[in-house]
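Please open the structure in your viewer and keep the selection panel at hand.

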There are 2 protein chains.
Amino acid sequence: MVVTIVGIGLIGGSLAITLKENGFAKKIIGVDINPDNIDKAYRRRLIDEDYSLEKAIPLSDIIIVSTPVNVMMDLIPKILDQVEHQAVMDVGSTKCKLLEKIKNHPNRKNFVPTHPMAGTEYSGPEAAIPNLFDHKCTVICDKENSSKEALEKVEQLYQSIPMDIVELDAHSHDIHTAYVSHISHISSFALALTVLAKEKDENRIFELASGGFGSTVRLAKSSPDMWVPIFKQNRDNVLDVLDEHINQLARFRSLLIKQDYEAFYQLIQESNEIKRIIK
Amino acid sequence: MVVTIVGIGLIGGSLAITLKENGFAKKIIGVDINPDNIDKAYRRRLIDEDYSLEKAIPLSDIIIVSTPVNVMMDLIPKILDQVEHQAVMDVGSTKCKLLEKIKNHPNRKNFVPTHPMAGTEYSGPEAAIPNLFDHKCTVICDKENSSKEALEKVEQLYQSIPMDIVELDAHSHDIHTAYVSHISHISSFALALTVLAKEKDENRIFELASGGFGSTVRLAKSSPDMWVPIFKQNRDNVLDVLDEHINQLARFRSLLIKQDYEAFYQLIQESNEIKRIIK
């Protein structure tokens, strides 16, 4: 297959490594409006060739759109205007707004909305790593609106990695990702700001911060260019989860104020239930 | 040296592995009120012998107290009642309450308050792992109140691992750990409860939860037996940081409500500053 990747960053670049390595892609074409990214992608050997979007589309069997989700809103309709036999898939973290926008596009069936659940806090082609997706889970949304041919290509792509495919409607997807991904990022951003606001002596943080702090605050390194559009598109779900999270923190706060350590103990025990779910 | 470890859990057990491996300890004596822990410690080969506290003290050169911090409050005065040439050190996450309690003990100078900044979310002798402390940082508090002999033994112990030693007064220690450790735990507990409260379909969380969620919620597996006493002893500092953290989350919330994505972007950019500090 000839695979075109539009947006050669962490996700696009990591897919490029894997799909070339496992033989799914005979050729990887890179498309990126940032010439720096194309340059880095060549030097990292992520891509075989690069073209403008218009030139790349007819040369492709499958087109992966891995730009920030706000860019997809204009880009995917434009790609669908041009496709013939090509399958188009995105890898974005939100689905409802995009699918609403393209729902009446005559080539909607060429499009398969997907979301591979993997990433790191880094971005750009230099952040691309092998094996990022191995045996992780990917979501395919609203399957019934894609053609059999497009679905087959996309499923083959994910099976080649291999990733486990979960089917969800777009609405459920956006709710679940608010819980299992988007809130973790806001929590990390806020935790970083908390510590930065209070700890003026930064060397001290650096010296004392151990693994626990590092892992809860890791996501605070994530790029606002990628994340602000996600929060914007998934605003209502994120607000709902954020309210719940602030309420939970307020419960801990209230029990500390009242010095009710028995209830505090029970609250921690309840939260330990996450063990059953996250290994 | 003969090293006695009182409380053979994650921290005591991991120290046991390291100090035996690097030759600092000729013999490791285990003391634990829970016979199950002693049994497991033998089977994990963490200890050479086990005795009651009373019998172990005179046989030791150095005594490491690695129990929950509430247990230390009674245990350390009792140990100090009995010591002669022995050095005694704790590895607890809070310092002020304990040091206040023993400040007039005639053998206070035998005691060195320390806090190795390393751990995992697991507990018990079965959680002990090699290399947990390598090249991490450890705190020694209020050095001026320990004897030269006791300090020398404790410093040799940490240098043998090796760990970097940072000196702090107890008050500063308790403030800094509230920031770089205690708040991360409350944030994780609350995040786990948030998701557990809302996501009834647990298989879905399990399938979709990717690395980001796993790392922010990892600490929510931590034991309440260890953590409630820490929050209790460091209550005022933890409350102060928790208030700040809730305020920071409320800033994100307010900007989402107002749909002020420009300010939201700036807030994320500010939080990205943590990159300079946490590699």
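Begin by colouring chain A by domain: in this predicted model, the assignment gives domain 1 as residues 2–169 and domain 2 as residues 173–276. The centres of these two domains of chain A, taken over C-alpha atoms, are separated by 30 Å.

Next, select the boundary between the two domains. Here 15 residues of domain 1 of chain A are in contact with 15 residues of domain 2 of chain A. On the domain 1 side, α4 (69–82), α5 (96–102) and β7 (137–141) of chain A each supply at least two residues. By class, that side of domain 1 of chain A has six nonpolar, five polar and four charged residues.

Then display the strands of chain A. An open sheet of eight strands, with mixed pairing, runs in the order β3-β2-β1-β4-β5-β6-β7-β8. Its edge strands are β3 (49–50) and β8 (164–168) of chain A, each of which pairs on one side only. Within the sheet, zoom in on β6 (residues 111–116) of chain A, which pairs with β7(A) in the antiparallel sense over three bridges. Select A:P116 there; its bridge partner in β7(A) is A:T138.

Finally, show chain B beside chain A. The contact takes 80 residues from chain A and 80 residues from chain B. Which elements of chain A give two or more residues to the side that touches chain B? They are α7 (170–198), α8 (202–208), α9 (211–217), α10 (224–233), α11 (235–257) and α12 (261–271) of chain A. Of these, α7(A) gives the most, with 20 residues. The side of chain A that touches chain B divides into 46 nonpolar, 19 polar and 15 charged residues.

Key. Residues are numbered from 1 along each chain as its sequence is written. Chains are lettered from A and ligands numbered from 1 in the order in which they are written. This is a predicted model: local features need pLDDT of at least 70, side-chain atom pairs count only at pLDDT 80 or more; totals for chains, interfaces and linings use all residues. Two residues are in contact if their C-beta atoms, placed from the backbone, lie within 7 Å. Helices (H or I, at least four residues) and strands (E, at least two) are DSSP runs, numbered from the N terminus. Ala, Val, Leu, Ile, Met, Phe, Trp, Tyr, Cys and Pro count as nonpolar, Asp, Glu, Lys and Arg as charged, and the others, Gly among them, as polar. Domain bounds come from an automatic or database domain assignment. Two strands pair if DSSP finds at least two bridges between them.
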